[in-house]
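Here are my notes on the model you sent over. Have the structure open while you read, and go point by point.

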Amino acid sequence: MTQATAAAQYRRNAILTASPEKLVKLLYEGAIRHLERGRAALADPKTSHSADASESLSKAYAIVSELRTALDHDASREIAGNLDRLYEFTLQQITQANLDRAPPPLEHGLQVMRTLKEGWDAVLPA
């Protein structure tokens with residue numbers, strides 16, 4: 001088994017055995033990672049129109065969309081409504097960065113995702 005295969009298997013097991021709260025943290029981490037990759041790719045003229053840039057933005061968009069879809073509006077309408085608006089804003093920023101092929105909108109999306117992850121980290125330490 002190669003190191004990459006072992007790492008992929010470890011990540012898969014971590015996801016399959018994670019609590020719902022831990023899954024949310026993993027989703028935030030993934031969104032941040034892909035937003036950062038997308039930002040870096042868009043910032044470089046050599047890669048701003050690359051498949052890697054598009055893939056990173058697509059993955060970040062999918063993760064934030066999943067977080068938004070998973071909101072439980074019945075549990076807390078106010079909190080869910082606020083998170084829904086933050087996720088929608090982040091999705092708009094990803095879309096704008098993709099359309100412009102420029103990183104500045106991703107800064108706003110990253111700020112939102114990092115702030116939300118910090119909140120989860122405070123409630124659910126590693």
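1. Surface first. The protein chain exposes about 7,900 Å², and carbon and sulfur atoms supply 56% of that. Accessible areas here come from the Shrake-Rupley method with a 1.4 Å probe; for residues, only the protein chains shown count as cover. Of the chain's 126 residues, 33% count as buried. Buried means under 20% relative accessible area, exposed means over 50%, and partly exposed is in between (1.4 Å probe, protein chains only).

2. Ground rules. This is a predicted model, in which local features need pLDDT of at least 70 and side-chain atom pairs count only at pLDDT 80 or more, while totals for chains, interfaces and linings use all residues. Residues are numbered from 1 along each chain as its sequence is written, and side-chain values use heavy atoms, with hydrogens and water left out.

3. How confident is the predictor? pLDDT is its confidence in each residue, from 0 to 100. The protein chain averages 90, and 87% of the residues score at least 70. Confidence is lowest in helix H1 (residues 3-16), with a mean of 61, and highest in H3, at 97. Where pLDDT is low, the predicted coordinates should not be read in detail.

4. Overall layout. The secondary structure comes to five helices and zero strands, so along the sequence the pattern reads α-α-α-α-α, with helices (H or I, at least four residues) and strands (E, at least two) taken as DSSP runs and numbered from the N terminus. Among contacts with a separation of 6 or more, 64% are between residues 24 or more positions apart. Contact means heavy atoms within 4.5 Å.

5. The core. Which residues touch the most other members of the largest nonpolar core? They are Tyr 28, Tyr 87 and Met 113, out of 25 residues in that core. H2, H3, H4 and H5 each supply at least two residues of it, and H2 gives the most, with seven. A nonpolar core is a set of buried Ala, Val, Leu, Ile, Met, Phe, Trp, Tyr and Cys residues joined through side-chain atoms within 4.5 Å. Leaving out residues up to four places away in sequence, Met 113 touches Tyr 28, Ala 31, Ile 32, Leu 35, Val 64, Tyr 87 and Thr 90.

6. Helix H3. At 1.5 Å a residue, its 19 residues should span 27 Å, and the end C-alpha atoms are 26 Å apart, which agrees. The expected span of a helix is 1.5 Å times one less than its number of residues. Buried in H3 are Ala 53, Ser 56, Leu 57, Ala 60, Ile 63, Val 64 and Leu 67. They cover an arc of only 125 degrees around the axis, which puts them on the same side of H3; the arc is that of the directions from the helix axis to the C-beta atoms. Ala 51 and Thr 69 are exposed on the other side. The buried residues of H3 pack against helix H2 (20-43), helix H4 (77-100) and helix H5 (104-123).

7. Tyr 61 sits in helix H3 (residues 51-69) and counts as partly exposed, at 34% relative accessibility. Beyond four places in sequence, Tyr 61 touches Leu 91, Ile 94 and Thr 95. On H2, His 34 counts as buried at 8% relative accessibility. With residues up to four places away set aside, His 34 touches Ser 56, Lys 59, Ala 60 and Ile 63.

8. Helix H5. Its 20 residues reach 30 Å from first C-alpha to last, close to the 28 Å expected at 1.5 Å a residue. Buried here are Pro 105, Leu 106, Gly 109, Leu 110, Val 112, Met 113, Leu 116 and Lys 117. They cover an arc of only 160 degrees around the axis, which puts them on the same side of H5. The face turned away from that buried side carries the exposed residues Gln 111, Glu 118 and Ala 122. Cover for the buried residues of H5 includes H2, H3 and H4.

9. Gln 93 lies in helix H4 and counts as buried, at 14% relative accessibility. Ignoring neighbours within four places in sequence, Gln 93 is in contact with Pro 105, Leu 106, His 108 and Gly 109. In the loop between H4 and H5 you'll find Arg 101, which counts as buried at 15% relative accessibility. Take a look at the backbone there: Arg 101 has a positive phi of about 55 degrees although it is not a glycine.

Key:
pLDDT = per-residue confidence, 0-100.
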